[in-house]
Amino acid sequence: MRRMGVASLFFFAALFASCATPPERLGQRLFAGCLDEVDDQASLKKGLFVCRGERDPEPFDGNGRACGDCHVPGDSFGISVQRIASLPADHPFFFPGLDEDSQLLRSRGLVHVITPDGIDDFRRTPKLVHLQRSCDDEGNCDALGLLGDRVRNLCVFSSQAIANHMAKSVDRVPGRDFRLPTAEECEWLVAYMLSDLVAGQDERDR
């Protein structure tokens, strides 16, 4: 009985710790691909996300990329050509198994965007620091994407981005090449992208 009591105590302590973590911090971990906390100071100094613990080797069961590999804190949560040039050759950003144009990716920062509503184009990664001003608390926005022609819900937008950029193959089959975020994970991601943790990193205000 005593052993059961100790096990239960550890279980509820872990559950409480998870519940006590604000949703924007849970979303930050998912976004950055960290299994534990994000090191805010180190990330700001480096301009790239730095995990306090281990990094998830396959965020959303995908190709190794995380949202935060294309939306980095040093570039207002976009990514510049200069930043791309500084990445090591084995960085997940350069995953070779998708239909990217390697030259456009490295020289101009253009990624392949494909959506169910017919977009098939190479585009720069949009910066996210302005989302707080253009979206409501539920993640419904005035416009999303580099040209403002994407879906206007952050959860759906994030799911499409995961399918586009984090899949293991060009087939992009959910459940095999990647997994979609759960409803709870969507809430966390939206909370993070609309939080001061993102809005407060506008490079123009530093």
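Colleague: Which pattern does the protein follow when read along the sequence?

Modeller: The order of elements is α-α-α-α-α-α-β-β-α-α-α-α. In total, the protein has 10 helices and two strands. Please bear in mind that this is a predicted model.

Colleague: What share of the residues of the protein count as buried?

Modeller: The cut-off for buried is under 20% relative accessible area. Of the 206 residues, 46% count as buried.

Colleague: How many salt bridges does the count come to?

Modeller: The general idea is that side chains of opposite charge can pair when their charged atoms come close. The cut-off applied here is a side-chain nitrogen of Lys or Arg within 4 Å of a carboxyl oxygen of Asp or Glu. By this rule, 14 salt bridges are counted.

Colleague: Take Glu100 and Arg65: are they buried or exposed, and where do they lie?

Modeller: Glu100 and Arg65 form a salt bridge, with their closest N and O atoms 3.5 Å apart. Glu100 lies in the loop between helix H5 (81-86) and helix H6 (102-108), whereas Arg65 lies in the loop between helix H3 (40-46) and helix H4 (67-70), so the pair ties together parts that are 35 residues apart in sequence. Both Glu100 and Arg65 are buried.

Colleague: Which residue does Asp149 meet in a salt bridge?

Modeller: The side chain of Asp149 meets that of Arg123, at 2.9 Å from N to O. This pair links distant parts of the chain: Asp149 is in the loop between H7 and H8, Arg123 is in strand S2 (residues 120-124), and the two are 26 residues apart. Asp149 counts as partly exposed because its relative accessibility is 34%. Arg123 also meets Asp121 in a salt bridge, at 3.3 Å from N to O. With a relative accessible area of 8%, Arg123 is buried, whereas Asp121, at 31%, counts as partly exposed.

Colleague: Which residues form the negative surface patch?

Modeller: The negative patch here is formed by Asp136, Asp137, Glu138, Asp142, Glu184 and Glu187. One of these, Asp136, sits in the loop between helix H7 (131-134) and helix H8 (154-165). Its relative accessible area is 35%, so Asp136 is partly exposed.

Colleague: Where is Asp171 placed, and is this residue buried or exposed?

Modeller: Asp171 lies in the loop between H8 and helix H9 (183-193). Asp171 counts as exposed because its relative accessibility is 52%. In sequence, Asp171 and Asp99 are 72 residues apart, while their C-alpha atoms are 10.0 Å apart in space.

How values were computed
Residues are numbered from 1 along each chain as its sequence is written. This is a predicted model: local features need pLDDT of at least 70, side-chain atom pairs count only at pLDDT 80 or more; totals for chains, interfaces and linings use all residues. Side-chain values use heavy atoms; hydrogens and water are left out. Patches are made of residues with over 30% relative accessible area and no salt bridge: like charges are joined within 9 Å, nonpolar side chains (Val, Leu, Ile, Met, Phe, Trp, Tyr) within 5 Å. Accessible areas come from the Shrake-Rupley method with a 1.4 Å probe; for residues, only the protein chains shown count as cover. Lys and Arg count as positive and Asp and Glu as negative; His and the chain ends are not counted. The place of a charge is taken as NZ of Lys, CZ of Arg, CG of Asp or CD of Glu. Helices (H or I, at least four residues) and strands (E, at least two) are DSSP runs, numbered from the N terminus. Buried means under 20% relative accessible area, exposed over 50%, partly exposed in between (1.4 Å probe, protein chains only).
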